[in-house]
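Subject: Structure for you to look at, with notes

Dear colleague,

I am passing on the structure below, together with notes on what was found in it. Please read the notes alongside the coordinates.

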Amino acid sequence: MAVNLLTDNPELYELRFPDPDHLAARFADDVARRFGGGSRLLDIGCGTGRDAGHLARNGYTVTGLDLSEPMLAHARGRHPGVEFVNADMRSFDLGRRFDVITCLDSALLYCQENADLTAFLSRCRGHLVPGGLLVAEMRNGAFFLGDTGLLEGTVTTSVLWKGVAYTSHTRLWIDHAAQLLRRHRTWEWPGRAGPLHQRSAWRLLFPRELEYFLDVAGFEVLALFDGPGPRTRPSWTPGAPLWPGLSGDRLHLVARLRDPAGRPEVRPADHPTDRSADERTPFRCTP
């Protein structure tokens, strides 16, 4: 198995990608409550368990799912109130259903092929109660139609862990034929003979494309917006209006599993419009 410095060292991962205010978990909680989600929650791609642990401490019954055993070992040691499961997001079978499934930080985009995405949504369908919510947050493929700044040059960053400076050099590019965002990252630190090379890739999904896959899988899209979210500028704040422009770097999704019993759907309460930070019209759900 390929070495991944960050997922193999969860403490380093959390130092490299800190979230001291739990913005991601609080965002997921806010969105789930707006759209009437219940308290049984499955967090797919839970990583270090940071989001799952925060949600559990705030009233949810949480199960976290990830493919990285080092990440899960870290999570189990720090978040005893959460059940953590090692499984593939395309084939998991937990034998029970949830009110809400979350899939944050572009974890959904590890479904690189159409068959992968179809399998993932099928597993979500099989693990949600009728009317249950799928909440996801990821990179927005449409962003790269108008802005290629993220693809320019190499980005160098350093993080200090246990007294050692770890330096990364990251380059991104688009594989148009495969519709993937590819990344080549090298790590260097004192004492290592040469750089550690790591390669990753994420599917680039366009909003309308994602809507189609969800519709075929039995979901109704309740909200699709580019902000605010835990990784946008300005970032999410409680009750903030949702932006429908879909041109930003991040794509946020709320979808509901269709209820065959035909029970009435839950729509979010209206929120005041604040146009001071952005002149885009906030998203509104209408009956």
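The notes below go from the model as a whole to its cores, its backbone and its salt bridges.

This is a predicted model, in which local features need pLDDT of at least 70 and side-chain atom pairs count only at pLDDT 80 or more, while totals for chains, interfaces and linings use all residues. Residues are numbered from 1 along each chain as its sequence is written, and side-chain values use heavy atoms, with hydrogens and water left out.

Confidence and overall make-up

The average pLDDT of the protein chain (the predictor's confidence in each residue, from 0 to 100) is 91, and 90% of the residues score at least 70. Over residues 269-287, however, the pLDDT is below 50, although this stretch has 36 contacts in the model beyond near neighbours in sequence, a contact meaning heavy atoms within 4.5 Å. Where pLDDT is low, the predicted coordinates should not be read in detail.

The protein chain has 7 helices and 11 strands, taken as DSSP runs numbered from the N terminus (helices H or I, at least four residues; strands E, at least two). Of its 287 residues, 51% count as buried; here buried means under 20% relative accessible area, exposed over 50%, and partly exposed in between, with a 1.4 Å probe and protein chains only. Among contacts between residues at least 6 apart in sequence, 63% join residues at least 24 apart. The chain exposes about 13,500 Å², of which carbon and sulfur atoms supply 52%, the areas coming from the Shrake-Rupley method with a 1.4 Å probe and, for residues, with only the protein chains shown counting as cover.

Nonpolar cores

A nonpolar core is a set of buried Ala, Val, Leu, Ile, Met, Phe, Trp, Tyr and Cys residues joined through side-chain atoms within 4.5 Å. The largest one has 36 residues, and those with the most contacts inside it are Ile44, Leu108, Phe120 and Phe219. Elements that give two or more residues to this core include strand S1 (40-44), helix H6 (114-127), strand S5 (128-139) and strand S11 (250-257). A second, separate core of 24 residues includes Leu55, Tyr60, Phe84 and Leu222. Returning to Leu108, its contacts, leaving aside neighbours within four places in sequence, are Met89, Cys103, Leu117, Phe120, Ala136, Met138 and Leu205.

Leu246, which is not a glycine, has a positive phi of about 60° and lies in the loop between S10 and S11.

His252 lies in strand S11 and counts as buried, at 0% relative accessibility. Leaving aside neighbours within four places in sequence, the contacts of His252 include Phe27, Ala136, Glu137, Phe225, Gly227, Pro228 and Thr232.

Asp105 also has a positive phi, of about 55°, although it is not a glycine. Asp105 is found in the loop between S4 and H6 and is partly exposed, with a relative accessible area of 32%.

Salt bridges

A search of the whole structure finds 17 salt bridges, each being a side-chain nitrogen of Lys or Arg within 4 Å of a carboxyl oxygen of Asp or Glu. Asp105, Glu137, Arg231 and Arg250 are linked in a network of them.

Glu220 and Arg256 meet through their side chains at 2.4 Å, N to O, in a salt bridge. Glu220 lies in strand S10 and Arg256 in strand S11, so this pair ties together parts that are 36 residues apart in sequence. Glu220 is partly exposed, at 23% relative accessible area, whereas Arg256 counts as buried at 12%.

Arg90 forms a salt bridge with Asp88, their closest N and O atoms being 2.7 Å apart; Arg90 is partly exposed at 38%, whereas Asp88 is buried at 19%. In the salt bridge between the side chains of Glu69 and Arg76 (2.7 Å, N to O), Glu69 is partly exposed at 35%, and Arg76 is partly exposed at 37%.

With best wishes
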